[in-house]
Amino acid sequence: MSEKALCKGQPKPPTEVGKLRLYSMRFCPHSAKCRLALLAKNVPHDVVNINLRRQPDWFMELNPAGTVPVLEVPNGKVIVDASLIIEHIEGLGGESLYVNKVEEAALMEKAKQLFKSTEDVISGKIQNDLSTGLSDVYHAKMNELENHLKAKGTKFLFRNDKPSIADFCIFPLLNEAQSLCDVLPSLIKPVDMGTHPKLNDYIDAMGASEFGSYVDYFDLVAFHKGLIMDKEYLYNEGLF
Ligand SMILES: N[C@@H](CCC(=O)N[C@@H](CS)C(=O)NCC(=O)O)C(=O)O
C-alpha cells in the first residue's frame, strides 16, 4: 500500500481479512510507538497514513477527534490513543513487550516532559526562542538516559538482546528532539556524544536494529522544518 497520506475525498482502502490496521502519520511519534510494538510482536497489519489537516470523512467517523494513531481491529472495533493501542497489542499474546512493566513505565513517564516540550515547539504553542527552556529539558533528559544506561549496563534500555516497550516509546522521542537541534540550532543545542558514550552506543544500536528504519531521519527534519518555518504540512516528504 502507498505510504502517501490520504486526504478528504480519497476512499478508504479495503481491509484485508485477519489483518489489523493502524492509521498513522509518518512523522508522528505516538504512531511510531504503535508501529514498533506491532513489528516487535509480528502482528499481521497494514499502515494507512492520514493527512491530519484534511482528514477523509470516513476517518473522522472512525475517530471524530481526527488524531492518529488509531487501531482498527478485525471485528471493526476502533482503538484510539497510543497507550490503549499498546495495551491491546500486548494482550494479543506471544512474548511480552515489557521486560519490567513498573520500571519501564517509570522511565517512560520521565521522558514525557521532553515530549511535552518538543510538541509545544512543533505545534507552535511556544515561541522558537531560548526562553522556552527546551534545550535544558533536552539535556536533562539525555543525562538521565545516559545514567540509566550506565546503571543498567545494557545495550537497549532494559536488556541486551532486543529492544522493549521503553525503547519503542523513547527512541522516536530522541529522533524528534534531535531533529529540532537541526531545524532550530539556536533553540536546542546538540548533546555532546563524547560525554554521553552510552547514549551514543544506544542510538547506534537502535538505528542498526530492525526498528531503526521506522522513519527516514532526513525526511523527519524536512517535515519539522516545513512545519516550524513555513507552516507547511509535508506529510509526503521523501515519497515519490
Ligand atoms: N494522546 C494521543 C496523542 C496523539 C496525537 O497528538 N497525534 C497527533 C499527531 S503526532 C495528531 O493526530 N494531531 C492531529 C491534530 O491534532 O489535529 C495519543 O497518544 O495517541
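Read from the N terminus, the elements of the protein follow the order β-α-β-α-β-β-α-α-α-α-α-α. In this predicted model, that order comprises eight helices and four strands. The domain assignment divides the protein into domain 1, covering residues 20–90, and domain 2, covering residues 101–230.

The overall dimensions come next. Along the principal axes, the C-alpha atoms occupy a box of roughly 50 × 45 × 30 Å. The radius of gyration is 18 Å, which agrees with the value near 18 Å that a compact globule of 240 residues would have. Of these 240 residues, 36% are buried.

How do the two domains meet? Their centres, taken over C-alpha atoms, are 22 Å apart. Eleven residues of domain 1 are in contact with twelve residues of domain 2. On the domain 1 side, helix α1 (residues 29–40) gives the most, with eight residues. By class, this side of domain 1 holds eight nonpolar and three charged residues, with no polar ones.

In soluble globular proteins, nonpolar side chains tend to be buried together. Here, the largest nonpolar core has 60 residues, and Cys34, Ala37 and Ile50 are those with the most contacts inside it. Helix α6 (residues 165–183) gives the most to this core, contributing eleven residues. Both domains take part, since at least three residues of the core come from each of domain 1 (20–90) and domain 2 (101–230).

Leaving aside residues up to four places away in sequence, Cys34 touches Leu22, Pro69, Leu71, Ala82, Ile85 and Ile86.

Methods. Residues are numbered from 1 along each chain as its sequence is written. This is a predicted model: local features need pLDDT of at least 70, side-chain atom pairs count only at pLDDT 80 or more; totals for chains, interfaces and linings use all residues. Domain bounds come from an automatic or database domain assignment. Two residues are in contact if their C-beta atoms, placed from the backbone, lie within 7 Å. Helices (H or I, at least four residues) and strands (E, at least two) are DSSP runs, numbered from the N terminus. Ala, Val, Leu, Ile, Met, Phe, Trp, Tyr, Cys and Pro count as nonpolar, Asp, Glu, Lys and Arg as charged, and the others, Gly among them, as polar. The radius of gyration is taken over C-alpha atoms; the globule rule is 2.2 Å times the number of residues to the power 0.38. A residue is buried if 20 or more other C-beta atoms lie within 10 Å of its own, exposed if 12 or fewer, and partly exposed in between; C-beta atoms are placed from the backbone. A nonpolar core is a set of buried Ala, Val, Leu, Ile, Met, Phe, Trp, Tyr and Cys residues joined through C-beta atoms within 7 Å.
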